[in-house]
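Please keep the viewer open as you read.

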Amino acid sequence: MTSKLPKSLCKLTVVAVDGKVIKHTMRPSSFKNKQAKCIKIAWRKALVAVNLSTGLVMEMASELDGEASETRLLAPLLQQLKDHCGEKLIVADRCYGFYKHIAMIKDDGCHFVLRVASITQFIQDPEKPARIGKDRYGRKLIEEHGWITSQKNTKLIAVRRLSIIRDKVQIQLLTDLTDSKRYPADDIAEIYRYRWDIERVYATITKVFQLRHLIGTSPEAGLIQASLCLILFNITEAIKWHISVGNGKKIDEVSGEMLWRDIRDEVMAATRLLRTRCADAASRDQTRSGDIRKTN
């Protein structure tokens, strides 16, 4: 189960990180105001890591406070990712493009491709002039080498800043992969575009696995249900891969929603069949025990 990642990054474990708020929780019935019962609130939040090479979920860190910032979960998530082998490349959006989060990722031994936060200070290297070119989609691409720092910390972190410009819209990325020959700027820009694959995971667990219909009312129950949905996603993706290989098709040509319906129907049929057999076996046991008692 591999996606078409840039060749220069295939030796790295590319990990997309993004937060997920588990919504659709009703207020407790203890509220006296009847209108307040209809207001939906967020009680829990998760930070999920997805392997962009395989498309599978790797780890999840959770927080019961749905209003808290997802960046609080970065440290425990990085700690969980240590159990996975390989040199990791963290890909995330601008809420992680601050100096403290970048330093945290570097201290954990991971590389990063992050969208720049507005207050992050970038110091350009005067000995390396900026390079102007185009990416594979024809967008203007500016490559700069330098360092980032913060007002509270004087330690410099060597980075490469990439500015992607199209229709007066500019997206700036930071990465510690400073070797331009080994890691072309176009590949770095492309891998950030792959970050949106994690939204496909969230859409699947919300709509296909019905995470939008919570079966529990406590924050812990919602997190357990989210974890089960992520496990079901991995299982379904593995089955999709086997089906696509066995039929000579691309994995995108296999519908995950239709596959999940088939799996669900087959599991329900097997459950009913086993339940019937167990009931028949239990009735036979009761009949035999009654006959033995009559004989005695």
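Which residues does Ile 205 touch, not counting residues up to four places away in sequence? They are Gln 210, Leu 211, Cys 229, Leu 230 and Phe 233, where contact means heavy atoms within 4.5 Å.

This is a predicted model, so local features need pLDDT of at least 70 and side-chain atom pairs pLDDT 80 or more, while totals for chains, interfaces and linings use all residues. Numbering starts from 1 along each chain as its sequence is written, and side-chain values use heavy atoms, without hydrogens and water.

Ile 205 also belongs to the largest nonpolar core, which has 43 residues. A nonpolar core is a set of buried Ala, Val, Leu, Ile, Met, Phe, Trp, Tyr and Cys residues joined through side-chain atoms within 4.5 Å. Buried means under 20% relative accessible area with a 1.4 Å probe, protein chains only. Leu 9, Val 48, Leu 89, Val 113 and Ile 205 have the most contacts inside this core. A second, separate core has 27 residues, including Met 58 and Val 159.

Next, strand E1, residues 13–22. Strands are DSSP runs of at least two residues, helices (H or I) of at least four, numbered from the N terminus. Thr 13 lies in E1. Thr 13 counts as buried because its relative accessibility is 13%. Beyond four places in sequence, Thr 13 touches Met 58 and Leu 89, among others.

Terms used:
Buried means under 20% relative accessible area, exposed over 50%, partly exposed in between (1.4 Å probe, protein chains only).
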